[in-house]
Amino acid sequence: MFGIIRPCRHRLGEELGRAWLAQLCGLCLSLRDDHGQSARIATNYDGLVVSALVEAQSTAPPTRRAAGPCPLRGMRRADVATGDSVRLAATVSLVLAAAKVRDHIDDGDGMAGTAGIRPAARRIAQRWARQGESSGVGLGFDTGVLLTAVDRQTAMELAAGPSTPLLEITEPTETATAAAFGYTAVVAGRPGNQQPLSEVGRMFGRIAHLLDAVEDLYDDVEHGKWNPLVITRTEAAEAQRLCTDALLGIELALKEVEFSDGRLIHKLLTHELRRSVQRTFGGSSHACATNQTTLNPVRPISRWDRRRGYPPPPPGGYYGPPQGYGPPPGYYGPPQRRRSSCLPFCEGMACCACCDCCDDCLCCGEGCCCADECCNDCC
């Protein structure tokens, strides 16, 4: 699973935790049923927001079906979401995953970019794009908006330079997510919500793009990959400011949306999304009460001094930083994670579980230090 929103059931509570799991498993099973087993790779935590938005706006009661045991649920059964809500989420996830695979192939990046695997990966990407387009037609959703945005993103990255505004680079991602979020109002029968939800999607896409750039920065510089923060000479403080402004924009836009039950959406797109920004930029220096290990220590500048002096970009598009340039000043490194048992990490808010349901926690093996109940039952 991947995505920037990674809540845990201890923060969501029992009822909303079940609702979130129903959306996640419903998305996964919809991908399997409509597009084959391999399509389940496209399941992600952010894609389920599309499904949750449809249900939150719908006046009809949510539809559920019983699903069998699954290893990712600890071999437990669950009631999962069904219907057009998860079909739309599956369509969006599949099309964007196809574009991502194609991007890896073109860049020679990851497993999909490996010479022996590249032809098979290209066929999978083409099949996913066709399947996503077909299912989109059944829902009345034009997936061409997503594919056009991806193509425009590629062209924009090739033309970007130090004078390119950062928000110009994030615009294609914003457009794609705005289209997906806005169409949830159509599926739910609430056309009046389309405009504010498009704004929510636009801001969400901006945050997702920037957080992905920050989290990948060290790896991108080390391996000479393209990164918008490096190319545009954007400091981490400016990227964080843009994310904070986008969070405020989401909160204001959500106030204009008419929901039947917006509790899960409010939790995901305000509280959890804000935690994602804090986690990425190291906005919290709290530590576990019984293990004073802080999150996101500042990287020593000498680490970057050793990496300066990259050779000039050769013809063909070397995407690393130019000679003599390091990372944006003020960048905080990725979280330092250590898991040993089942202790939650507390950021001054509600208790969060560790294990697989929460990726930003530190464990010390002493039991739960920031909640009334111990979370050992989630291991």
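**Exercise 1. Determine what share of the protein chain counts as buried, and describe its accessible surface.**

Solution. The structure is a predicted model. The protein chain has 379 residues, and 50% of them count as buried. The accessible surface of the protein chain amounts to about 17,100 Å². Carbon and sulfur atoms contribute 53% of that surface.

**Exercise 2. State how many helices and strands the protein chain has, and in which pattern they follow one another.**

Solution. Begin with the count: the protein chain has 12 helices and 2 strands. Next, read along the sequence, where the pattern is α-α-β-β-α-α-α-α-α-α-α-α-α-α. Finally, consider contacts between residues at least 6 apart in sequence: 69% of these join residues at least 24 apart.

**Exercise 3. Identify the residues that touch the most other members of the largest nonpolar core, and list the contacts of F181.**

Solution. The largest nonpolar core contains 71 residues. Within this core, F181, I207, I250 and L269 touch the most other members. Now take F181 and set aside residues up to four places away in sequence. The residues that F181 then touches are V49, V50, L53, L197, V200, G201, F204 and L269. As a general background, nonpolar side chains tend to be buried together in soluble globular proteins.

**Exercise 4. Decide whether E272 and P69 are buried, partly exposed or exposed.**

Solution. First recall the cut-offs: buried means under 20% relative accessible area, exposed means over 50%, and partly exposed lies in between. E272 has a relative accessible area of 2%, so E272 is buried. P69 has a relative accessible area of 43%, and therefore P69 is partly exposed.

E272 lies in helix α11, which covers residues 263-281, and is in contact with I5, R6, P7, R11 and K267. P69 belongs to strand β1, residues 64-70, and touches M75, R76 and R77.

**Exercise 5. Describe the span of helix α11, where its kink is centred, and the residue that follows the helix.**

Solution. Helix α11 has 19 residues. From its first C-alpha to its last, α11 reaches 26 Å, which is close to the 27 Å expected at 1.5 Å a residue. The helix has a kink of about 30°, and this kink is centred on E272, the buried residue of Exercise 4. After α11 comes G282, with a positive phi near 70°.

How values were computed:
Residues are numbered from 1 along each chain as its sequence is written. This is a predicted model: local features need pLDDT of at least 70, side-chain atom pairs count only at pLDDT 80 or more; totals for chains, interfaces and linings use all residues. Side-chain values use heavy atoms; hydrogens and water are left out. A nonpolar core is a set of buried Ala, Val, Leu, Ile, Met, Phe, Trp, Tyr and Cys residues joined through side-chain atoms within 4.5 Å. Buried means under 20% relative accessible area, exposed over 50%, partly exposed in between (1.4 Å probe, protein chains only). Contact means heavy atoms within 4.5 Å. Helices (H or I, at least four residues) and strands (E, at least two) are DSSP runs, numbered from the N terminus. The expected span of a helix is 1.5 Å times one less than its number of residues. The bend at a residue is the angle between axes fitted to the seven residues ending there and the seven starting there. Accessible areas come from the Shrake-Rupley method with a 1.4 Å probe; for residues, only the protein chains shown count as cover.
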